[in-house]
Amino acid sequence: RTVSSDELCILITCFEQHMQLWRGDAVRVYVNSSSENLQYPVLFVVRQQKGVLSWQVPLIFRGLYQRTYNYQEVSRTLCPSEPTPETGPSDQIIFVDVASMAPFNIAYELLVTRLENFQLETNKAFNFTASPSQPQYFLYKFPQDVDSVIIKVVSDAVYPCSVVSVQDIVCPVYDLDHNVEFNGVYQSMTKQAAITVQRKDFPGEQFFVVFVIKPEDYACGGSVPSSIHGKLCWEVDLVAPLLCMFPSPCSAPDESSSSGGRQLSSPGCGLPAGSDTDSSVEEESDFDTMPEIESDKNVIRTKVWLMWQLGPWIHLGQDQNIITIAVFYALPVIQLVITYQTVVNVTGNQDICYYNFLCAHPLGVLSAFNNILSNMGHMLLGFLFLLIVLRRDILHRRAMEMKDIYTLDYGIPKHFGLFYAMGIALMMEGVLSACYHVCPNYSNFQFDTSFMYMIAGLCMLKLYQTRHPDINASAYSAYASFAVVICLAVLGVVFGKNDMWFWVIFSMIHVLASLALSTQIYYMGRFKIDLGIFRRAAMVLYTDCIQQCSRPMYMDRMVLLIVGNLVNWSFAIFGLLYRPRDFASYILGIFICNLLLYLAFYIIMKLRSSEKLLPIPLFCIVATAVVWAAALYFFFQTLSSWEETPAESREKNRPCILLGFFDDHDVWHFLSAAALFFSFLVLLTLDDDLDTVRRDKIPVF
């Protein structure tokens with residue numbers, strides 16, 4: 001047919017369609033025009049009982065930087081009108097008005113068809129095509145025994161960028177690029193998407209699933225210029241009804257389609273002085289020893305005798321300090337993530353949070369309850385570790401009250417404050433990780449790692465405190481250091497993406513801090529840290545190594561510090577060159593590598609000193625290594641990535657692997673909690689073999 005300005009009135013009634021619309025059916029209108037004249041488009045208006053649709057051909061979409069994309073073919077599904085209980089099935093009359101202001105005839109084609117496969121079925125894949133000018137939507141009705149379904153969508157191509165929306169049965173249906181976000185919940189996607197829908201959210205127990213193709217791929221991370229004139233094949237699958245919220249036979253099975261479309265589917269008391277007050281050493285050795293004597297700790301470059309005493313850590317109470325920090329840190333975090341979740345629920349924008357949507361089980365207002373529940377392992381094992389430490393603390397107190405000779409003069413003096421702090425930190429790691437997983441995204445990832453910094457720092461402090469109790473840092477300075485690290489992490493999140501100057505300054509701070517700490521460790525805390533530390537260190541280095549060419553007094557300690565500085569300088573150079581976007585994980589990697597290096601040094605020196613590893617600590621070391629290896633395997637099974645766009649992140653989504661309820665990252669939570677627990681047990685039991693060794697015979701390293 002043709003249309004021009006002279007035929008405007010005639011065509012108003014030419015295309016009346018008298019059709020019977022039954023339940024589950026809908027009508028689709030298809031039009032095209034060979035004319036590409038943008039000055040005189042053909043105008044189409046479709047009038048129904050409950051709404052009006054209108055568009056023009058050529059259809060124009062505007063993209064980024066005012067780019068335009070023109071389409072000659074347009075098709076739209078009309079909002080179905082269901083019969084009412086009062087009237088029953090009724091005839092629905094559709095008016096299609098065609099007009100143009102062109103002074104000449106323009107050829108067009110119009111086709112009105114009834115969609116017989118308008119309703120989707122559970123566990124049955126459905127293939128269809130769509131394009132930017134030809135969006136699609138379909139109806140789904142909950143069966144009687146189904147409370148929740150996962151809509152899986154799979155595409156045969158990475159791009160173009162698309163939007164999947166779930167909307168209530170309301171006319172008009174928002175199925176255009178500029179309005180699809182106005183109603184319901186929605187996700188952007190490239191290869192795949194998944195939306196979990198619950199019956200309770202739809203009083204009518206049915207909903208529309210809407211598919212919109214964007215004219216360009218920029219929103220999903222693709223290149224800016226991309227006009228898709230052809231049709232895109234999609235596959236829709238509503239899989240595995242979820243009849244319950246916890247693992248059970250009724251949970252969603254792991255189904256995927258092989259076709260190429262988109263698929264929907266310690267007390268404060270001092271230790272009595274030891275019986276051995278002789279400050280001499282019977283024979284020369286490579287190790288300093290730790291008798292309980294009154295000697296000047298400021299003696300440098302001779303054998304340093306360290307006095308066992310309960311330092312400020314015990315009196316300040318690490319456990320109380322860390323509880324205070326945890327409360328003041330966690331409260332605003334909880335408030336923030338609740339706000340995030342509220343925004344997601346109110347707006348329906350599921351691009352805000354980076355979940356694994358193929359295994360996201362909602363509960364109440366929470367969108368991915370399984371990722372939160374899996375952090376219970378940290379809290380339970382942290383509490384169990386506190387009970388183990390408490391038992392040891394009680395037994396130690398009783399032995400002290402009974403004046404037990406082995407408690408007074410033998411073995412490593414028992415300091416439990418740091419162990420309590422470690423247990424609390426493990427529990428808080430679970431709390432903050434759960435908070436992060438309420439709505440994972442780039443802005444709050446540091447919540448998931450903050451207490452991991454503290455755990456690594458506390459472990460290093462505990463290792464150092466074991467052999468150097470009287471020169472250990474105070475609780476105030478230690479926690480102040482943790483605060484500086486967390487501040488750096490926040491600054492890294494804000495400025496670390498593109499700011500070269502931030503990485504230059506941070507790398508300089510990192511290298512200088514490593515040098516200052518190395519000097520402090522080498523000289524057993526007797527080297528004053530101030531602005532002149534580097535000048536004094538250079539003078540000592542010049543005197544010892546250049547003028548005298550003498551062998552370092554503490555060779556083993558020197559080797560450790562050289563290796564440690566090489567590792568830290570390597571981290572600094574890597575950060576300066578590559579500027580990793582995940583700054584929080586970068587700092588955590590620095591802490592973990594330094595902790596592992598110091599632990600390896602400690603164990604090697606322990607064995608070199610003819611000390612033993614008893615069966616329990618040996619078992620804990622092996623268990624720690626095995627569990628950490630398994631945990632890291634699941635950690636690197638990336639299921640989402642906030643470093644990319646939400647649509648690109650969904651390409652990494654995978655189905656549940658455990659009980660139909662937990663995914664790979666949940667298994668990482670379980671295993672990492674167990675690995676940290678065994679790591680703590682290693683530190684707690686590592687020196688149990690020294691309980692029958694006099695303290696003046698225990699070497700310092």
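## Disulfides, a helix and a surface patch

With a torsion of 50 degrees about the S-S bond, the disulfide between Cys161 and Cys220 is right-handed, a disulfide being a pair of cysteine sulfur atoms within 2.5 Å. Because Cys161 sits in the loop between strand E13 (148-155) and E14 while Cys220 sits in the loop between strand E17 (206-213) and strand E18 (232-239), this pair ties together parts that are 59 residues apart in sequence. The model is predicted, so that local features need pLDDT of at least 70 and side-chain atom pairs count only at pLDDT 80 or more, whereas totals for chains, interfaces and linings use all residues. Residues are numbered from 1 along each chain as its sequence is written, and side-chain values use heavy atoms, with hydrogens and water left out.

The structure holds four disulfides, and three of them, including the one already described, are set out here.

| Pair | S to S distance | Torsion about S-S | Hand |
|---|---|---|---|
| Cys79 and Cys171 | 1.7 Å | -75 degrees | left-handed |
| Cys161 and Cys220 | 1.9 Å | 50 degrees | right-handed |
| Cys359 and Cys656 | 1.9 Å | about 105 degrees | right-handed |

In the disulfide of Cys79 and Cys171, the sulfur atoms are 1.7 Å apart. This pair links distant parts of the chain, with Cys79 in the loop between strand E8 (73-77) and strand E9 (91-99) and Cys171 in the loop between strand E14 (162-167) and strand E15 (185-189), 92 residues apart. Helices (H or I, at least four residues) and strands (E, at least two) are DSSP runs, numbered from the N terminus.

The sulfur atoms of Cys359 and Cys656 are 1.9 Å apart. Here too distant parts of the chain are linked: Cys359 lies in the loop between H2 and helix H3 (369-373), and Cys656 in the loop between helix H14 (646-650) and helix H15 (664-685), 297 residues apart.

Cys79 is buried because its relative accessible area is 10%, whereas Cys171, at 28%, is partly exposed. Cys161 counts as buried at 0% relative accessibility, and Cys220 likewise counts as buried at 0%. Cys359 and Cys656 are also buried.

Helix H11 (residues 555-578) has 24 residues and reaches 34 Å from its first C-alpha to its last, close to the 34 Å expected at 1.5 Å a residue, where the expected span is 1.5 Å times one less than the number of residues. Its buried residues are Asp556, Arg557, Leu560, Leu561, Gly564, Asn565, Asn568, Phe571, Ala572 and Gly575. An α-helix has 3.6 residues a turn, so residues three or four places apart point the same way. Just after H11, Arg579 takes a positive phi of about 45 degrees.

A nonpolar patch on the surface is formed by Ile323, Val327, Phe328, Leu331, Ile334 and Ile338, which together have about 580 Å² of accessible area. One of these residues, Ile323, lies in helix H2 (residues 318-347), and Ile323 counts as partly exposed because its relative accessibility is 42%.

Asn127, in strand E11 (residues 126-130), is partly exposed with a relative accessible area of 42%. Asn127 and Val236 are 109 residues apart in sequence, yet their C-alpha atoms are 6.1 Å apart in space.

How values were computed: Patches are made of residues with over 30% relative accessible area and no salt bridge: like charges are joined within 9 Å, nonpolar side chains (Val, Leu, Ile, Met, Phe, Trp, Tyr) within 5 Å. Accessible areas come from the Shrake-Rupley method with a 1.4 Å probe; for residues, only the protein chains shown count as cover. A salt bridge is a side-chain nitrogen of Lys or Arg within 4 Å of a carboxyl oxygen of Asp or Glu. Buried means under 20% relative accessible area, exposed over 50%, partly exposed in between (1.4 Å probe, protein chains only).
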